[in-house]
Amino acid sequence: MDIDARTLRTFREVTLTGSFTQAARRLGYSQSSVTAQMRALERQVGEPVFERLPNGVRLTHAGTVLRDYARQILTLVGEMETALRRPAANPPRLTIGIVPALAYGQQLARVTHVGRRLLSGVQLALRVMGTAEVHDAFRAGAIDGALVLTAVDADDPADLLGDHSYAERSDDLTEIRLQEVEFVPVTGTGRRPGGHGRQVVIADPDCPSQRWLPEFLRLRCDSPPEIHELGSMAGVRAATQSGLGCAMLPTALAADHEEAGGLRPLPGVPRMRWNASLILGRHDTRPAVDRQNLTETLRQATALGRAVHPAAPAVGVLEEGDGLEGGVVDDAVLGGGVLEGGVLGGGATALGPDPSIAS
């Protein structure tokens, strides 16, 4: 059966008007042309699709079946015509997942602004999702890439997100390292002395930047801290400012609030760095230029979000009464591989505290 779109459109008008004459008037055809098209259609179907009435026509059972399929076919034909006639109105879409630690307001705005310049002709869609959700989103084909935090010294894609259960899919992913992003441990300015390490506020329990501080405090205290999971860096920052606990924030996010009041560095705990990395499917068939422009967009956006601080000692000294026990933070804890899986030993580069932390 070979029914063309023109015949289906004529058929649709007849079904809407219930009359060959009215359909011809609406389409600008002669009545004889409409009649000829419908007779040819019935020959292709093999049976009548209209029942002729004294004052018009109505659908037979075969006509009703054909009407439903014609509606779907004409909808698809219309979409195809629109896409071919106005390609700029239907640009290719790039859906990128971003983990909460990199999805605070200023960072999302930077990605959007840079993307408009470098990804012209491509619609960039950002989706904030937890680190663990990135796995499922790749598996389901819901995202084309992901901006995540990875260990500075991780070489195996199976360890990109700190999830060894994902190892069997390591060959399907590739990591493009963009920038090292610095995080600073902070607490509220009104936080009572001695309570810094008892409660930790986090945004994403599977993100290395959010796992690090609870593990650090667990190693230095008699018991693990109480953890509050809020799901966004804006929520973490607000809760920390209100005195709920301490947190690990991107330095760029914390800087303005340190200056304006409400946040201060957590005494005796070092700043840390992780890679902001773009994760892509290794066998993605998207044009290479789109991949290159996406990479450059995220590289520039994350670079704009970095805050520069002077070099500091590699070892932090813990104060008495700050809720941490044990005095000096030794090299083994900060960089010597005490923990596996990219949390402490393999998960970041210890930069040591800012000089303001040691007071």
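# Buried residues, a helix face and salt bridges

Student: In this predicted model, is A239 buried or exposed, and what is its relative accessible area?
Tutor: The model is a prediction, so the values here are computed from predicted coordinates. A residue counts as buried when its relative accessible area is under 20%. A239 falls below that cut-off and is therefore buried, with a relative accessible area of 11%.

Student: Which residues does A239 touch, if those up to four places away in sequence are not counted?
Tutor: A239 itself is found in helix α8, which covers residues 233-241. Once residues up to four places away in sequence are set aside, the residues that A239 touches are V201, L230, L244 and G245.

Student: How many Å apart in space are A239 and H228, taken C-alpha to C-alpha?
Tutor: Along the sequence, A239 and H228 are eleven residues apart. In space, going from C-alpha to C-alpha, the separation between A239 and H228 is 9.2 Å.

Student: What share of the residues of the whole protein count as buried?
Tutor: The protein has eleven helices and twelve strands, and it exposes about 16900 Å², of which carbon and sulfur atoms supply 50%. Of its 359 residues, the share that counts as buried is 47%.

Student: Which residues have the most contacts inside the largest nonpolar core?
Tutor: The largest nonpolar core of this protein holds 57 residues. Within that core, the residues with the most contacts are L102, V134, W212, L213, L249 and L294.

Student: Which residues is L213 in contact with, leaving aside its neighbours within four places in sequence?
Tutor: L213 is one of the residues with the most contacts inside the largest nonpolar core. When the neighbours of L213 within four places in sequence are left aside, its contacts are V200, C246, A247, M248, L266 and V269.

Student: Within what arc do the buried residues of helix α2 fall, seen down its axis?
Tutor: Helix α2 covers residues 20-27, and in it F20, A23 and A24 are buried. Seen down the axis of α2, these buried residues line one face of the helix, because they fall within an arc of 100°.

Student: Which residues are exposed on the other side of α2, and what covers its buried residues?
Tutor: The cover over the buried residues of α2 includes α1 (5-17), α3 (31-45), β1 (50-53) and β2 (56-59). On the other side of α2, the exposed residues are R25 and R26.

Student: How many residues apart are R271 and E182, whose side chains meet in a salt bridge?
Tutor: The structure holds eleven salt bridges, and in one of them the side chains of R271 and E182 meet at 3.7 Å, N to O. This pair links distant parts of the chain, since R271 is in strand β11 (residues 271-281) and E182 is in strand β6 (residues 173-188). R271 counts as buried at 4% relative accessibility, and E182 counts as buried at 7%.

Student: Which residues do salt bridges that share partners join into one network?
Tutor: D68 forms a salt bridge with R67, in which the closest N and O atoms are 3.5 Å apart. D68 counts as partly exposed at 31% relative accessibility, and R67 likewise counts as partly exposed at 31%. Through salt bridges that share partners, the residues joined into one network are R67, D68 and R71.

Student: What is the relative accessible area of S209, and which residue does its side chain meet in a polar contact?
Tutor: S209 lies in helix α7, residues 208-220, and it is buried, with a relative accessible area of 0%. Leaving aside its neighbours within four places in sequence, S209 is in contact with A101, L149, F183, M248 and W274. The side chain of S209 also makes a polar contact, at 3.2 Å, with the side chain of Q210.

How values were computed:
Residues numbered from 1 in each chain as written. Predicted model: local features only at pLDDT ≥ 70, side-chain atom pairs only at ≥ 80, totals over all residues. Heavy atoms only, no water. Core = buried A, V, L, I, M, F, W, Y, C linked by side-chain atoms within 4.5 Å. Buried < 20%, exposed > 50% of the residue type's maximum accessible area, 1.4 Å probe, protein only. Contact = heavy atoms within 4.5 Å. Helix = DSSP H or I, 4+ residues; strand = E, 2+ residues; numbered from the N terminus. Arc of directions from axis to C-beta. Areas by Shrake-Rupley, 256 points an atom, 1.4 Å probe, with all protein chains shown as cover. Salt bridge = Lys/Arg side-chain N within 4 Å of Asp/Glu carboxyl O. Polar contact = N/O pair within 3.5 Å; in protein donor to acceptor, adjacent residues only side chain to side chain.
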